[in-house]
Amino acid sequence: MVTREHISEKVLPCLAIRGSVPFPRIPINIDVGRAMSRKAVDAAMANDGIIMMVCQKEQSVDNPGPDDLYRIGTTAKITQKIRENGGSYRIITEPIYRAEIKEFIDNSKYIEVDVFEKEIYIDDKSVKAEALLKDLRTSIIDFISMIPKFSSNIKNLINSIDDLSTLCDLVGSNIVASVEDKQSLLEEFNPMRRAEKLMIILEKEKELIETEERIQKKVRSKIDRSQREYYLREQMKAISDELGEGGENGTEAGEYEKKIAALKTTEEVKDKLRKEVKKLGKVPYGSAEASVISTYLDTVLSIPFGIRTKDRMDIPTVQKILDKDHDGLKEVKDRIVEYIAALKLNPSLKNQIICLVGAPGTGKTSVASSIARALNRKFVRISLGGIRDEADIRGHRKTYIGSMPGRIVNAVITAGTQNPVILMDEVDKLTRDAHGDPASALLEVLDTEQNKSFRDHYIEVPIDLSDCLFITTANTLDSIPDPLLDRMEIISMKIYTRSEKLGIAKNHLIPKQSKIHGLTSKTFKMTDDAVLMLIDTYVKEAGVRNLERYIAKCCRRAAKQISCNETNAVRITTDNLAEYADESKLIKDKILDDDEIGTICGMAYTEIGGEIMHIEVLSYDGTGRIELTGSLGEVMKEASHNALSYVKSKSDELGIDPEVFKSKDIHINFPEGAVPKDGPSAGVATAIAITSELTGIPVRRDVAVTGEITLRGRVLPIGGLREKTMAAYLAGAKIIIIPSDNKIDEKDIMDEVKENVEIEYVSKVEDALKIALTSDPFEKAKEKSESSSNVISIPTKKTGNRAKIVN
């Protein structure tokens, strides 16, 4: 192959073109509107009319810089310049050579560049060049034959061009659509490689056109088939009307009629559905309205009218299932057994609405599933968390596009019976906005007198929900509206105790995680002491979720050791627990090491259980101010002020100089300042700590105290007794002081606590002071008063001051 090259270097004005690529020897007309471009044209016309033309990368750029332009363009001769209205130009150019921009020259008026012209020509007629030219012609003609807009003359023009380079440039300029593809052809200087690249581009375009044609054919065929079906159905309808057979079996309406007749529901519901069927017969088949009516009929017909499961009435079996599925939860189990017993005696008894309230992880959702299994009913769960639209409960009206029934009806349809157990999870997380209040929509659902004829906005017919057993769950009752709360029976899911967590771990969590990780009772064992160590030192929670995570971690590491043939079986004890569960990061609550002045062990109740709280009191020279620290709520601050007021009122009996409250500042601190605290139950403990600080009598280290204080020193009852006493026991307390009024709650205190701790019931703060302090402050004050009574004061003659004489 013989080639010839043209090479030349020039400095030229540069014209940036938007959306077009100039090719050598292919004339091009350009509208020039930008000021910088017009100046470049004027500079070219002022010389020999030669200008560098190059395409912009992005058409939206108004003032292109070097980074916005391609490096390969063409040098061109401006043959004519016409000035348009508004100052813009229209120029006619004849591109000459391909050129590469080597450097942009600094010019503030227009873009000026140093270009390197280069063009390669093929002079010989080699076999390869002739074959490539022939293949290119065939490819071009095949491509343009697929596009109707090209005339037959273009084929004659293509066959008449014998120069490979010219043919590529002509097709690239007039047939190739993509600017990127045009630019890639321009940047190829070698004609042979340019022809190969052009054929690849044309093949891609042909494949794209063929794909579009296939898609259009499918769409047209579907439209034609739909129109044909519509025409035939209209004919069938006309024939049926003539014969008087409209709506009989064999038609879609006839099928609906059979299903409606088989429903076990009221005539009101059947009449409503028959009206919809008649309406369906009058609308065109395949229309949007027909689709809406069909969807409505299918939805209503899927409601299980009159279908109920038979309740399990064998009370011992129900009790056995509940006990097997859950350890503890006695109150919940008793409530279900009582309901079944009453239902057995009175089958017409309507279901009660139960609300399970407790901290996360205490088994609320799982116990609802267990109740359904015990009753032999279907179980459906509805998540209410974050719902803010009333239509989610009652459904959307049919007039809206995409309307559907609410979650209650969907739950009944999913269950397939009219008496399922429906769990409404996280009822305290309902929100409200402009679309309505979903909590208000639940009022009818959860009212046993109203839900026998519940109407969903979409269904529009009454649905009997009175046989459904609704169970709701919540973490707190504070955010539940009072009218809704009034319709539910509240059952508190108490925080699991240490022994209950041990039972749950042994009977449920360890077998479950062992099965998940492919372990058996022979290959994986965990001692009770190891589980208790996890409970005491690894997790701090009301439920057992984190405990299960640690057991799962132990199972994973045991499975790894067995899989790697490091051992045949794993037995986890307190000695090797850290190897499988890592080191504990929790600091266990414990009582003080020594009796201290001004520090006492109080008890607190949190959402994850009970805990002890060391209350500190310190007095120092000042002006009688009281300082409270520890992120306290208003109630807790008031309780501290009440405690101080009580101590002030008893200062004489306690042997405290009243001047102390004027000359000393008292600082009361509740440690863990980052944790918010509130409530009145620390009042008695605070009074004891203040008394200890001001009398100098230490507080017993093994005493824990709880109770609200009044200004007169009475001790009022508190809540969370079960959790508080367990926390004090686990921390090492030997004596627990609680209000006398809480004696009625003694059954809530765990037997383990009663056996190991001395419970002291007090009704007055005086009694608590005598127990908590190492010595009786009242007796000590009395002794001090008696000793001071032996001091005689007599006036002196000169000053009248009294002199002290000790007998």
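Aspartate 528 is partly exposed, with a relative accessible area of 33%, where partly exposed stands between buried (under 20% relative accessible area) and exposed (over 50%), using a 1.4 Å probe and protein chains only. The model is predicted, and local features need pLDDT of at least 70, side-chain atom pairs count only at pLDDT 80 or more, while totals for chains, interfaces and linings use all residues. Residues are numbered from 1 along each chain as its sequence is written, and side-chain values use heavy atoms, with hydrogens and water left out.

The side chain of aspartate 528 meets that of lysine 506 in a salt bridge of 3.4 Å, N to O; the term stands for a side-chain nitrogen of Lys or Arg within 4 Å of a carboxyl oxygen of Asp or Glu. Because aspartate 528 lies in helix 18 and lysine 506 in helix 17 (residues 498-516), the pair ties together parts that are 22 residues apart in sequence. Helices (H or I, at least four residues) and strands (E, at least two) are DSSP runs, numbered from the N terminus. Lysine 506 is also partly exposed, with a relative accessible area of 41%.

Threonine 527 sits in the loop between strand 14 (524-526) and helix 18 (528-537), and it is buried, with a relative accessible area of 19%. When its neighbours within four places in sequence are left aside, threonine 527 is in contact (heavy atoms within 4.5 Å) with Arg571, Ile572, Thr573 and Thr574.

Side chains of opposite charge can pair when their charged atoms come close, and a search of the whole structure finds 48 salt bridges. In one of them, the side chains of lysine 81 and aspartate 42 meet at 3.2 Å, N to O. This pair links distant parts of the chain, with lysine 81 in strand 4 (residues 72-83) and aspartate 42 in helix 1 (residues 35-46), 39 residues apart. Lysine 81 is partly exposed at 32% relative accessibility, and aspartate 42 is partly exposed at 30%.

Another salt bridge joins the side chains of aspartate 323 and lysine 333 at 3.1 Å, N to O. Here aspartate 323 belongs to helix 10 (residues 315-325) and lysine 333 to helix 11 (residues 330-345), 10 residues apart. Is lysine 333 buried or exposed? Lysine 333 is buried, with a relative accessible area of 7%, whereas aspartate 323 is partly exposed at 37%. Salt bridges also form a network, which links Arg25, Arg98, Glu119, Asp169 and Arg194.

Most residues other than glycine have a negative phi. Glutamate 426, however, has a positive phi of about 60° although it is not a glycine, and it is found in the loop between strand 9 (421-425) and helix 15 (438-445). At 24% relative accessibility, glutamate 426 counts as partly exposed. Aspartate 582 also has a positive phi, near 65°, and its place is in the loop between helix 20 (577-581) and strand 16 (599-606). With 32% relative accessibility, aspartate 582 counts as partly exposed.
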